[in-house]
Every structure is written in structure tokens, then in C-alpha cells.
Amino acid sequence: MSDQAEVLRRIVGNMNNGLAAPENRKTEKRARIITITSGKGGVGKTSVTVNLAIALSRLGLRIAILDVDFGLANVDLLFGITPKHTLLDLIRDEKSIFEVMTDGPNNIKFLSGGSGVEELTRLDRKKLRKFISNIALLDKLYDIILIDTGAGLSRNVMSFIMAADEIILVTTPEPTAITDAYALVKMVSRRDRKKIIRILVNKAETAREAEDIANRLLVVSEKFLSLKLNKLGYILYDDNIVKAVKLQKPFCLSNPKSQAARSMFALADALVENRNSDDLLGARGFIQRVLSFFGA
Ligand SMILES: Nc1ncnc2c1ncn2[C@@H]1O[C@H](COP(=O)(O)OP(=O)(O)O)[C@@H](O)[C@H]1O
Ligand SMILES: [Mg+2]
């Protein structure tokens, strides 16, 4: 694995030679990469990802989604769109990133991971080179790349968490979801103390309950890990979200006036206001971090 990591580093090193001179780098456009994750499954990551994508696209931002979960209720399903291609076609069939991305609503493009996610860790040099250069192409085309991961602390999920500029950590009020969220914060803090972690409480009964949970996570992380988390906001429990998922229509599109959609629009506003562009590494930085994770 470490041989492979070395090869990867060299490939990226070569790619970086083509970058603009350092004084011009500031003006070079980079995508902001946000990984949506959770400690426990079923907390609403995918639902948040697709609706947040819609909310952000309404702000005029160009959004791409990388779906890197193996699970069943994935991005394509929530959009109600069957993808013609997946990540597997990108790695196996020599297709370009533009050919494997599927059109979603509002000009959103998404890449379905499928079984290609696992395959990523087993690629030979040639295919890795192709995958890496393909992902790097997204930097210029999108303002924000959202990565929807599976739950938990598997190597794959962690690599996408560690690679992103920032994380949206979704939890629900369930005690197991909160403790698993904290376990994830702890794991991330051991590897990178600078990563921005934003807490999103989903399926809370009341605003107060959501605030309480976010505060608890903030206090515990500060006290035991000396780590400062950010509060992104909350979405209340809403039966209409369950219905929207069944109908395969994102609620931000089908019911933009609903409370849930308005909460999501507020979350999108908060995310955009909190942008700190100097900290962005973009897709190239993202790849560097994936590599350093594989080499770790
Ligand atoms: N705010 C909410 N209120 C009610 N149900 C929700 C809410 N958010 C998500 N759900 C439901 O929770 C289930 C899991 O959501 P999903 O987005 O697939 O979670 P994950 O991606 O974390 O596994 C879905 O059936 C969805 O309808
Ligand atoms: Mg999911």
C-alpha cells in the first residue's frame, strides 16, 4: 500500500507542476469540498446532501455531488433519476468524468459511486492516474462539491472525511447517534485538528432540542478534545420528508415553501456566509489528502 502511495504522490507531484505560479494561485478558482457524514446510519445524510445541493444551486452556485456510499438509499434514488454510469465506469471503462456524471435538477451533476467506491483502493497506477486527473478537472467547473459518505469510521469513509476542506456532521437526537457523532469527532481530531466540523441536527422534535444536542457536542468536544466545533443548524422531524423520499422528489424542489425547505435554505445561506476561501485546497488539495491518508 505504501508503494502505491508513493506512486500516487509522484503522479500528483507531476500534475502540480502544471499549476499557475504561486502569486497567481490565489486567483485560480477552486471548488469548495464538503463531506457530509455521520457516526450512525439513517440520520439523513443523503436527504441533506440532495436538498442542500438544491438550496445551494438556488444561490447561483454550481454544484456537483460525489456519492461514495455503498448503501441503497443513494443520491440517484432520492433524485428519482437512474444513472447511466457510475464510478465503476470511470475506473474500468476509460470513460471521462464528464461522461459518467449524471444530470440532476438545477444543473446539479452527480457521480454515483456504487461498487466503484471499494474498487478505488485497488487500482493500478495507470487507472489511478486517470481517476485523479479526472477528479481534478472538477475544480474549475464547480463552486461546491458535496460528498455523500456512508456512516461510520471505515477506511473509505475516513479518507473522504480527511480529504475534504470541511465536514457536515449529521446527527439526530438519538443517544446512539450522538455518541457515534462524538466518536467520529474524536477520530478526526486525532488526525487533523484544523478541519472545520459543522454540526447539523436532523429529525429533532423542537428547535430547543436541536440546540441542546448541538451544544452538548460542542461542550464535550471543547472539554475533552480541546476542539471547537461549529453549529450549522437543524432540520426538525417532518413526515413530509419521509414522503418526499418515498416519492423520490427532494422536498426543496417539490415543496420549497415547507418548513423543512426553509430550514435547508437557511443552512445553505449559513454555509455560504461561512466561506473562508483562503483555506480552500480544492480538488487538487483533496487528492493530496486522499493520498496522504492511503499512505498513512
Ligand atoms: N428531518 C427528517 N424528518 C423525518 N424523516 C427524515 C428526516 N430526514 C431524513 N428522514 C428520513 O430518514 C431516513 C434516512 O434518511 P437518509 O437520508 O437516507 O439517511 P442516511 O443517508 O444518513 O442513511 C429516510 O427514510 C428519510 O425519509
Ligand atoms: Mg445515505
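1. Which residue is the bridge partner of Ile36 in β5? In β5 that partner is Asp148, and the two strands concerned, β1 (residues 32-37) and β5 (residues 144-149), run parallel and are joined by five bridges. Strands here are DSSP runs of E with at least two residues, helices are runs of H or I with at least four, and both are numbered from the N terminus.

2. The model is predicted, with local features requiring pLDDT of at least 70 and side-chain atom pairs pLDDT 80 or more, while totals for chains, interfaces and linings use all residues. Residues are numbered from 1 along each chain as its sequence is written, chains are lettered from A and ligands numbered from 1 in the order in which they are written.

3. Eight strands form an open sheet of mixed pairing, in the order β3-β4-β2-β5-β1-β6-β7-β8, where two strands pair if DSSP finds at least two bridges between them. Because β3 and β8 stand at the edges with a single partner strand each, one side of each is left without a neighbour in the sheet.

4. Asn107, in the loop between β3 (102-103) and β4 (109-112), has a positive phi near 65 degrees although it is not glycine. Asn107 is exposed, with 11 other C-beta atoms within 10 Å (exposed means 12 or fewer, buried 20 or more, and partly exposed in between, with C-beta atoms placed from the backbone).

5. Ser226, in the loop between α12 (207-225) and β8 (230-236), likewise has a positive phi, near 50 degrees, in a residue other than glycine; Ser226 counts as exposed, with 9 C-beta neighbours inside 10 Å.
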